[in-house]
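User: I am new to this structure and would like to go through it step by step. Could you show it to me first?
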Amino acid sequence: MGAWGTGSFDNDGALDFLADYREGTAAVVETVLRDIANLADGTYIEIDAGQAAIVAGEVVAACHDNPSTKVDEDVVSELLVHRADVAENLDLIDYAAAAIPKVLASETSELAELWEDASPEDAESFQNNTADLQTRLGDIV
């Protein structure tokens, strides 16, 4: 049985993407965010891509000094592995701001659909966590 929870790093797909980022380069963040941000309206987003986009958004927020207060320092350290490359690519902020809402649209996102069908408490927790991410991304100057 895989990991599944309401936080940005509480599932297997998110942890897989975090490992790819940690072991690779900042380019994986750009690729996932740009690809989802540039999807035509109505294009369906599979769960793994949605989970990756949320983690990529967390990377962008953390690299701009706005990490989640709900994650361990060890995770924050992992988010900062390619900090200079992420922070200097200001397009990532715009890509994240465009991608995350698409991942949260239940009509076109498998991840959002699953949370919509979850218990009300879990759905609310997921929505609160992603709203916090969007706020932190919006606070980047």
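User: Let us begin with I47. Is I47 buried or exposed?

Analyst: This is a predicted model. In it, I47 counts as buried, at 17% relative accessibility; the cut-off for buried is under 20%.

User: Where is I47 placed?

Analyst: I47 is in helix α3, which covers residues 47-63.

User: And which residues does I47 touch, leaving out those up to four places away in sequence?

Analyst: With those left out, I47 touches W4, E110, L111 and L114. As for G13, which is 34 residues apart from I47 along the chain, the C-alpha atoms of the two are separated by 8.0 Å.

User: You mentioned W4. Where is W4 found?

Analyst: W4 is found in the segment before α1, the helix of residues 12-23. At 42% relative accessibility, W4 counts as partly exposed.

User: What is W4 in contact with, beyond its neighbours within four places in sequence?

Analyst: W4 is in contact with D10, N11, I47, Q51, L111, L114 and W115. Two of these, L111 and L114, are also touched by I47.

User: How far apart are the C-alpha atoms of W4 and D65?

Analyst: They are separated by 27 Å, and the two residues are 61 apart along the chain.

User: What about D65 itself: is D65 buried or exposed?

Analyst: D65 counts as exposed, at 57% relative accessibility. D65 is found in the loop between α3 and α4, the latter being residues 73-79.

User: What is the phi of D65?

Analyst: Phi of D65 is near 60 degrees, which is a positive value in a residue other than glycine.

User: Let us turn to the helices. What describes two packed helices?

Analyst: Two numbers are used: the angle between the axes of the helices and the distance between those axes.

User: At what angle do α3 and α8 pack, then?

Analyst: The angle is about 40 degrees, and the axes are 9 Å apart. That makes α3 oblique to α8. Their crossing is left-handed.

User: Which residues make that contact?

Analyst: From α3 there are I54, G57, E58, V60 and A61, and from α8 there are F126, T130, L133, R136 and L137. By class, the contact of α3 with α8 has six nonpolar, two polar and two charged residues.

User: And how do α2 and α3 cross?

Analyst: Helix α2, residues 27-37, crosses α3 at roughly 120 degrees, and the axes come within 9 Å. The two helices are therefore oblique to each other. The crossing of α2 past α3 is left-handed.

User: Which residues are involved there?

Analyst: V29, V32, L33 and I36 of α2 meet A49, A52, A53, A56, G57, V59 and V60 of α3. The residues of this contact divide into ten nonpolar, one polar and no charged. G57 and V60 of α3 are also part of the contact with α8.

User: What about α6 and α8: at what angle do they pack?

Analyst: Helix α6 (residues 91-103) and helix α8 (residues 120-138) pack at about 155 degrees, with their axes 10 Å apart.

User: Why are α6 and α8 described as roughly antiparallel?

Analyst: An angle over 145 degrees counts as roughly antiparallel, and the angle here is about 155 degrees. The two helices are therefore roughly antiparallel to each other. Their crossing is left-handed.

User: Which residues meet in that pair?

Analyst: I93, A96, I100 and P101 in α6 meet L133, Q134 and L137 in α8. Six of the residues in this contact are nonpolar, one is polar and none is charged.

User: Now the loops. Where is N89 placed?

Analyst: N89 lies in the loop between α5 (83-88) and α6. N89 is buried, with a relative accessible area of 19%.

User: What joins the side chains of N89 and E30?

Analyst: A polar contact of 3.4 Å joins them.

Technical notes. Residues are numbered from 1 along each chain as its sequence is written. This is a predicted model: local features need pLDDT of at least 70, side-chain atom pairs count only at pLDDT 80 or more; totals for chains, interfaces and linings use all residues. Side-chain values use heavy atoms; hydrogens and water are left out. Axes are lines fitted to C-alpha atoms, for helices over the stretch in contact, and angles run from 0 to 180 degrees between N-to-C directions. Helices (H or I, at least four residues) and strands (E, at least two) are DSSP runs, numbered from the N terminus. Angles under 35 degrees count as roughly parallel, over 145 as roughly antiparallel, 65 to 115 as roughly perpendicular and the rest as oblique. A crossing is left-handed if the near helix is turned anticlockwise from the far one by less than a right angle, and right-handed if clockwise. Contact means heavy atoms within 4.5 Å. Ala, Val, Leu, Ile, Met, Phe, Trp, Tyr, Cys and Pro count as nonpolar, Asp, Glu, Lys and Arg as charged, and the others, Gly among them, as polar. Buried means under 20% relative accessible area, exposed over 50%, partly exposed in between (1.4 Å probe, protein chains only). A polar contact is a pair of N or O atoms within 3.5 Å; within protein, one must be able to donate a hydrogen and the other to accept it, and residues adjacent in sequence count only if both atoms are side-chain atoms.
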